[in-house]
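Subject: A structure for you to look at

Hello,

I am passing a structure on to you, with some notes on what turned up in it. Have a look at it first, and then read on below.

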Amino acid sequence: MDAQQRAQYLEALGIDVWVPRRDGSAEAASPASGAADPSRGADADADASASASGAWAALRAEVAACTKCSLHRTRTQAVFGVGDIRAQWLVVGEAPGAEEDRRGEPFVGRAGQLLDSMLRAVGLARGENVYIANILKSRPPGNRDPKPEEVASCLPYLKRQIGLIRPVLILAVGRIAAQNLLGTASPLGSLRGRVHHFGELNTPVIVTYHPAYLLRTPADKRKAWEDLKFARSVFRELTASS
Ligand code: URA
């Protein structure tokens, strides 16, 4: 992405500062682009990918039919997630809202548009090396916070998605996503700016604000931009040798 494009995305994000790289060099064309593991044979890759796509389809069907919590009674449909199932980045939000419940895709309302701008500011695009999912697959009525029993029923699905995607980095957007992934009640402010880890794969997690919060509190977009730059630099470190 060139500097002009990035400036446009930052403008869409509502951030009017441009911070040049310390070494003054040109931006990498695609800082977040990924590739298959070059050390694996083509057959092994094909087998793994066939079995992963079977497991993915089975998981998707299970989620669509899930009745583990009472939210299945009020949802229009379960919102499984969207994006590249071999993505190196995983964005985790809270739960579907009204528009997501209607369309069956996460982050499609105004908050989703801002999330897309946030992703573009770090060289990512929906569907390209990013997968987007939520802590809950079903909409809580009135967009209330998820209840602990709902999270307990639904989190195993996200864990299985993570096991199949095996992202390099998880970006937790908002307090609900961060607290539930990290198993903490700490406020979001204290979770920002550090690398946490999630699950059996010990996947690195970085925390930032939820785009819906940023729509209500635009003054904090600058802090979100700091988080995104931090996430991008951690991602680059994690992938530097691969
Ligand atoms: N907010 C979320 O956390 N997730 C969505 O999918 C939409 C809005």
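Let me start with the ligand. By class, the shell around the ligand is made up of six nonpolar, three polar and two charged residues. Please keep in mind that this is a predicted model. The residues around the ligand are Gly93, Glu94, Ala95, Pro96, Gly97, Glu100, Pro106, Phe107, Ala111, Asn134 and Ala212.

Helix α4 covers residues 110-121, twelve in number, and spans 17 Å from its first C-alpha to its last, close to the 16 Å expected at 1.5 Å a residue. Nine of its twelve residues are buried, so α4 is largely enclosed by the rest of the structure. Just after the helix, Gly123 adopts a positive phi of about 85°.

Then there is the sheet. Six strands make up an open sheet with mixed pairing, and their order is β1-β3-β2-β4-β6-β5. At the edges stand β1 (82-83) and β5 (196-198), each with a single partner strand, so one side of each has no neighbour in the sheet. In general, strands of a sheet pair through backbone hydrogen bonds, either parallel or antiparallel. For β5 and β6 (residues 203-208) the sense is antiparallel, over three bridges.

Enjoy exploring!

Best wishes

How values were computed
Residues numbered from 1 in each chain as written. Predicted model: local features only at pLDDT ≥ 70, side-chain atom pairs only at ≥ 80, totals over all residues. Helix = DSSP H or I, 4+ residues; strand = E, 2+ residues; numbered from the N terminus. Expected span 1.5 Å × (residues − 1). Buried ≥ 20, exposed ≤ 12 C-beta atoms within 10 Å, placed from the backbone. Pairing = 2+ DSSP bridges. Near = placed C-beta within 6 Å. Nonpolar A, V, L, I, M, F, W, Y, C, P; charged D, E, K, R; others polar.
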